[in-house]
Every structure is written in structure tokens, then in C-alpha cells.
Amino acid sequence: MEVPEHKEIRELARRFLSERGGALRAYEEEEAFPWPLVEEMAELGFLGVFVPEALGGAGLDFFAYLALLEEMGGWASLRSILSVQQSLVLTPLLAYGTEAQKARYVPRLARGEVLGAFALTEPEAGSDAASLKTRAHKEGDFYVLEGQKTFISHANVAEVFLVFAKTDPEKGAKGITCFLVERGDGVKTSPLKGKLGLKAADTGMVFLDGVRVPKDRVLGKEGEGFKIALSTLDTGRVSLAAGAVGLMQRALDLSLAYARERKQFGRPIAQFQLVQEHLAAMKLDLEAARLLTYRAAWKKVKGEPYTLEASLAKLFASEAANRVAYRAIQVHGGYGFFEEYEVARLYRDARILTLYEGTSEVQKLIIGAHLTGVRAFAQGGRYVPHNHLDSCSASR
């Protein structure tokens, strides 16, 4: 049973979407970032849900955050913005940041005064993230970064970037370090347009050409970057699963309403057994995904290892969302093929879910490794732990 705070944030999100859905539709059509809507979400406290009040957040728990993502899941572009800011940027900052780093960045991020980005994926380093080519070398009290990132969510709108670079290439994954890089340090970005879905969410490339970063902006310790990336992705996968649940709920709600109104052969199509079969299968996928998501979240909140549960939730929820979106189109028939009907957008938005935060294939490798104790190795002997279409990566 949800506590009052969880119900309140759901109601806030529903009211926001009901009042702003038309505006968001326009941003989707133009492939434009919805800055006014982001500012409104910030005012509602949506960008720092689980951040302590002392650091500028709402001070709510992780389940309140998942409740918000569920409600926003039907508008995946907005859900993506919330997930990147909190799961991929604020989460590692809170877990690994020094007190000075937290004071510098967390309040502004939690209040939505600035946006952040998680810059891991590179043109030749997706699933095999340990092979990233971005380098960082010391020059006095600074690190100098050279490299390129791609498929980065918030690339063109962020002021703060979590950038992963190799400080000791000979050590492979253990030689990766995470840096807190500011746009003013000399970061250059370029937009990537023409996405199938998430059209109002920003995605782009990040260029680091001699970017100088003070040594006090290493997040965690030198060489801990890969560990930080993996622990962050566990949280990201749970939040993505919650968004997938929200997308499924929206698709089911729309399909039920349409099936009751649409008449063929003199009666509502909701009376047809094969339409009911679609609806029943959608409900089954939805509820199974929701339970897997909340099981993973429960283990996280209790402080227990939850990598396996996060992968199970992400794998099932993302694949289920694609099945549910497909069935929603079938229920709507030919009308569902037109953008005038929301299920068309849900169908497009669902597709990315099996790609970023680790592809479905990578989730299966993670699950298989947990079951057998045997890790899958890529050519050259590196363990393949995930694929981060990084925040849109390579995707997020």
C-alpha cells in the first residue's frame, strides 16, 4: 500500500500531464527540448525527489521516485529527462561525491537550475564500455581530457557532465576514472536528430579537446570510474523499468477506453474475445513488470545487492513494453497507425527501452553470469557487463 507522499506525487504528475500534454506534443513534433516544462517540473520538485532537503531536494524515498517515473512513463521524453538527472547524475554524486562536490553540484541539479549528463558511451565503446578511448592525463593540478562521447542524453542542454576517461590505459577497466566536467571547461557538443522516439529529449555528441579539469573534480577515486558506472546503471535500470511500467499502463488505459467506444458488427469491440485476449495479455505483462521492478527497488532500499534483480526487471519490463505497445496498435486497428492517436507515439517510444541502460542481450549475459558463476567474455578477454546507450545513452 502506498504512503500519502507516494499518492501525492502521483497526483501531481497526473495533473501536470493532463494540463501540459498538448504543449509536450508540440515539442515532440518539432524535436525541441521542452525547457518550459522542465522548469515547471523543477518547481514541483520532480528533479530531486530522493535528494535530502538539506541539499535542495524533496527529501522523499526511492519509491516516491519510482511512482513519479511510472506516472511520467506515458510521456517517455519527460520520463527520460527525470531519469537522467536523478538516476544517472544525482545518484553517483550522492554516493561518491565529496562534501565539497555535493555542495557545489547537488542543490543546483536537484532544483533544476542546471541539468546533468552521464557521458560514458563512445562511437566504438557501447556494450564494451571498458574499451573507451577517452584519455585523461595529469598536468600539475589539472587533468587534461581528450576524446569523444556519443548518444549522450542532455549533451546539448547539460552544464555538468560525468565523464568517464582512462587515466591508466594499461589497467583496462580498473584504469577508468570519473570526472565532474563543466560546460565552461571547454566542452563542445553537437545534437543528434532523427530519433525514432524520445523526440523531445535531447541526445547528442560530446567533444573533449584538451578540456582541463581541476584534480578536485575526480568523482570517487582515480581508477574507480568503472565501478561507479556499473553501480549507477543498476539504479538506472530500475528507474527505466518503472518508466516502462508507466508506458504499459498508459497503453492499456488507452486501449480499454478505445475498445469500449469503438463499435464493429453492431457492438463494442471490447466484447470480442480476441480483443479481450490482447487486453488480458497486456495486463499480465504490466503487472509482472511492476512486481519485478518493485522487488529490485526493495532490495536496493534495504541496502542489499540488487544487480541481478535490476537486470531481471529491466529485461522483462523493456521487452514487455514493446509487446504491450504492439498490442495497443492492434486493438486500435488502422487508427493506431496514425500519429493522431497516442498509441503510435507509445509504440515508437517503447523501442529504445530494450537498447539503453544495457541491451536485452547484455541483460541476459548478466543474468546468466549470476546463475552460472561464469562470465561472458568479449574478444580480447574483457568481461562484457553492459551496454550503455548512455543516458539516451547510446541511448541516453
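**Entry 1: helix 9.** I looked up what lies over helix 9 and found that the cover of its buried residues includes helix 1 (4-30), helix 4 (76-96), helix 6 and helix 8 (307-332). I note that this is a predicted model. Helix 9 spans residues 342-350 and is mostly covered, with eight of its nine residues buried. Among the buried residues I listed Glu342, Arg345, Leu346, Arg348 and Asp349.

**Entry 2: helix 6 against helix 7.** Two packed helices are described by the angle between their axes and the distance between the axes. For helix 6 and helix 7 (residues 273-301), I recorded an angle of about 155 degrees and axes 9 Å apart. Angles over 145 degrees count as roughly antiparallel, and helix 6 and helix 7 are therefore roughly antiparallel to each other. I also recorded that the crossing of helix 6 past helix 7 is left-handed.

I then listed the residues that meet. Helix 6 contributes residues including Val238, Ala242, Val245, Gln249 and Leu252, and helix 7 contributes residues including Leu279, Met282, Lys283, Leu286 and Arg290. The residues of this contact comprise 16 nonpolar, four polar and four charged ones.

**Entry 3: the nonpolar cores.** Which residues touch the most other members of the largest nonpolar core? I found Met72 and Phe164, in a core of 99 residues. Helix 6 (residues 225-261) supplies the largest share of this core, 15 residues. Leaving aside residues up to four places away in sequence, I noted that Met72 touches Ala13, Phe16, Leu17, Met41, Leu78, Arg79 and Leu82. I also found a second, separate core of 19 residues, which includes Ala117, Ala119, Val206 and Val218.

Conventions. Residues are numbered from 1 along each chain as its sequence is written. This is a predicted model: local features need pLDDT of at least 70, side-chain atom pairs count only at pLDDT 80 or more; totals for chains, interfaces and linings use all residues. Side-chain values use heavy atoms; hydrogens and water are left out. A nonpolar core is a set of buried Ala, Val, Leu, Ile, Met, Phe, Trp, Tyr and Cys residues joined through side-chain atoms within 4.5 Å. Buried means under 20% relative accessible area, exposed over 50%, partly exposed in between (1.4 Å probe, protein chains only). Helices (H or I, at least four residues) and strands (E, at least two) are DSSP runs, numbered from the N terminus. Contact means heavy atoms within 4.5 Å. Axes are lines fitted to C-alpha atoms, for helices over the stretch in contact, and angles run from 0 to 180 degrees between N-to-C directions. Angles under 35 degrees count as roughly parallel, over 145 as roughly antiparallel, 65 to 115 as roughly perpendicular and the rest as oblique. A crossing is left-handed if the near helix is turned anticlockwise from the far one by less than a right angle, and right-handed if clockwise. Ala, Val, Leu, Ile, Met, Phe, Trp, Tyr, Cys and Pro count as nonpolar, Asp, Glu, Lys and Arg as charged, and the others, Gly among them, as polar.
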